[in-house]
Amino acid sequence: MADTPRRSIAFIGSECYPFVKTGGLGDVMYALPKALVAQNCDVRVLVPKYACIPQKYKDLMVYRGSFDMDLCSDGKRYFVGIMEYVWDGVVYDFIENEEFFGWGKPYTDLVVDIPKYCFFCKAALSALLYMNWIPDIVHCHDWQAGLVPVYMRTLLNGTALGKSRAIFTIHNLRFQGIHSKEHIQYWTGLPDEVFGLPYIGQSNGNANMLKGGITFADLVTTVSNTYAQEIQTGFYGENLDAHLRYHAYKLGGIVNGIDTNQWNPATDKHLAVNYDASNVHENKKKDKLALQERLGLNQDEGKFVIGLVSRLTNQKGLDLVNSIIPQVMDEHTQIVVLGTGDAEYENSFRYYENAYKGNMASCIMYDESLAHSIYAGCDAFLVPSLFEPCGLTQLTAMRYGTVPIVRETGGLKDTVAPYNEFTNEGNGFTFDHYSAWLLLDAINRAKTVYFTEPERWKQMVDRDMAKDVSWDLSAQIYKDMYLSLTQW
């Protein structure tokens with residue numbers, strides 16, 4: 001336990017592993033609170049009680065209380081239930097309401113999701129008041145919790161929560177929770193002045209929930225230093241770059257980590273053969289052979305195997321990958337793809353699997369066990385994103401001794417040091433401009449080192465496995481930030 005003053009933090013967000021997860025937000029909502037407990041923090045996590053949460057977790061929840069809450073501008077009220085589960089020193093409070101969360105998946109379409117998360121923002125804060133658990137810090141995440149700071153500084157400012165500090169973290173600026181002012185005003189009951197242009201209003205008459213979080217929070221963070229700078233530019237700013245520049249004095253970046261217990265090649269039950277830094281070069285070859293056998297690829301430990309585990313969307317740079325696969329594929333190279341997404345990419349990867357039978361596997365699905373096997377069985381891991389706020393897959397790849405090939409953007413730039421052939425330094429291969437030919441060049445540079453300088457490749461693998469990709473350092477930075485906001 002860290003020897004620093006104790007602080008209480010309420011995390012508010014729309015998903016949290018292992019209860020419900022669709023992306024990196026779910027990982028952060030699980031791993032960061034757990035790491036903060038070791039930093040002498042008292043942490044509660046508030047998430048919706050979705051119908052899709054596995055029953056085994058619902059069975060462990062304990063009823064904490066319920067109440068009715070006014071929400072809409074016409075005075076309409078809604079039931080709020082609180083179900084609680086304590087695990088690894090973290091208290092999880094699930095906000096229950098059958099009308100909003102008793103059906104379907106977490107995210108459907110904005111017409112439905114806007115009311116759902118307007119309710120969640122106010123209900124989560126009201127639940128803290130109901131339980132009389134007033135945190136020093138309310139730390140909310142992404143647009144689904146963007147109205148939390150707004151409520152804290154307006155309708156709930158006169159409550160005990162008015163003294164709490166608010167931190168808002170942007171995990172992906174592309175998704176903002178935008179709808180008409182009338183729609184959001186009805187579902188929030190917020191006063192007219194909140195919908196002005198400096199606050200959550202937009203010039204086109206819409207309202208923006210993520211903009212509200214930026215405006216009313218005491219501090220705004222993103223998930224890497226580079227992304228914090230990028231989103232203040234027109235290219236990456238998603239029409240909020242001017243607003244972010246205005247609030248730049250309270251904007252910063254803290255890179256994510258990964259759960260190194262969940263992702264540990266020495267204990268990973270999904271692997272054919274476990275390994276650590278002492279035997280990675282011998283045992284990783286065995287995991288490569290097992291992966292090739294599992295996916296019907298030609299078994300040859302001498303092949304250069306490239307892995308890609310991703311949502312199959314434009315953001316992930318898959319248009320670049322698609323255009324260079326014929327140039328990458330040769331008798332020495334194999335590619336393994338795992339993920340689902342846009343039909344054009346799903347279909348193109350299926351085509352390439354058929355065109356390069358025995359050397360390409362396209363797994364159009366998500367399989368947790370297979371993901372672990374890919375991280376362990378591949379030599380290199382591809383993350384050529386158009387933009388990447390932080391990225392977790394390159395961190396996981398390094399943990400498994402798999403060398404990342406990434407574009408220099410966001411958290412990829414902050415976590416992958418480019419290989420320098422003159423000094424033999426770096427832990428991956430990078431390219432800067434968004435170009436298929438630069439991606440191909442980075443892959444070819446990686447293949448050259450792998451085949452012609454195997455000792456240097458092994459040294460790079462060793463550097464990757466030695467890199468601290470845990471939450472420990474980031475949690476310490478967050479704790480310092482909490483302390484700086486609460487100097488009492």
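Predicted model: local features only at pLDDT ≥ 70, side-chain atom pairs only at ≥ 80, totals over all residues.
Let's start with helix H13 (residues 368–377), which lies across strand S12 (304–309), S13, S14 and strand S15 (380–383). Relative to S12, helix H13 runs at about 145 degrees.

Six strands make up an open sheet in the order S14-S13-S12-S15-S16-S17, and the pairing is parallel. Which strands stand at the edges? They are S14 (360–363) and S17 (429–431); each has a single partner strand, so one side of each lacks a neighbour in the sheet. Going from one strand to the next, the twist averages 15 degrees.

While you're at S14, check where the side chains go. In a regular strand they alternate between the two faces of the sheet. Met360 and Ser362 point one way from S14, Ala361 and Cys363 point the other way, and all of them are buried.

Strand S1 (residues 7–12) is another one to look at. How many of its residues are buried? Six of the six are, so S1 is largely enclosed by the rest of the structure. Arg7, Ile9 and Phe11 point to one side, while Ser8, Ala10 and Ile12 point to the other. The partner to look for is strand S2 (residues 41–48), which pairs with S1 in the parallel sense over six bridges. Within S2, Arg44 is the bridge partner of Ala10.

Among the buried residues are Lys211, Thr215 and Phe216. At the start of H7, have a look at Asn208, where a side-chain oxygen reaches to within 3.0 Å of the backbone nitrogen of Leu210.

Next stop is Thr221, in strand S10 (residues 219–222). Thr221 has a relative accessible area of 2%, so it counts as buried. Its side chain makes a polar contact of 2.6 Å with the side chain of Thr169. Leaving aside neighbours within four places in sequence, Thr221 is also in contact with residues including Ile167, Gly252, Tyr478 and Met481.

Finally, move to helix H16 (residues 436–452) and helix H17 (residues 454–466). Their axes come within 5 Å and cross at roughly 115 degrees, which makes H16 roughly perpendicular to H17. On the H16 side the contact is made by Ala446, Val449, Tyr450, Phe451 and Thr452, and on the H17 side by Pro454, Arg456 and Trp457. By class, that contact has six nonpolar, one polar and one charged residues.

Conventions
Residues numbered from 1 in each chain as written. Heavy atoms only, no water. Pairing = 2+ DSSP bridges. Helix = DSSP H or I, 4+ residues; strand = E, 2+ residues; numbered from the N terminus. Axes fitted to C-alpha atoms, helices over the stretch in contact; angles between N-to-C directions. Contact = heavy atoms within 4.5 Å. Parallel < 35°, antiparallel > 145°, perpendicular 65-115°, else oblique. Nonpolar A, V, L, I, M, F, W, Y, C, P; charged D, E, K, R; others polar. Buried < 20%, exposed > 50% of the residue type's maximum accessible area, 1.4 Å probe, protein only. Polar contact = N/O pair within 3.5 Å; in protein donor to acceptor, adjacent residues only side chain to side chain.
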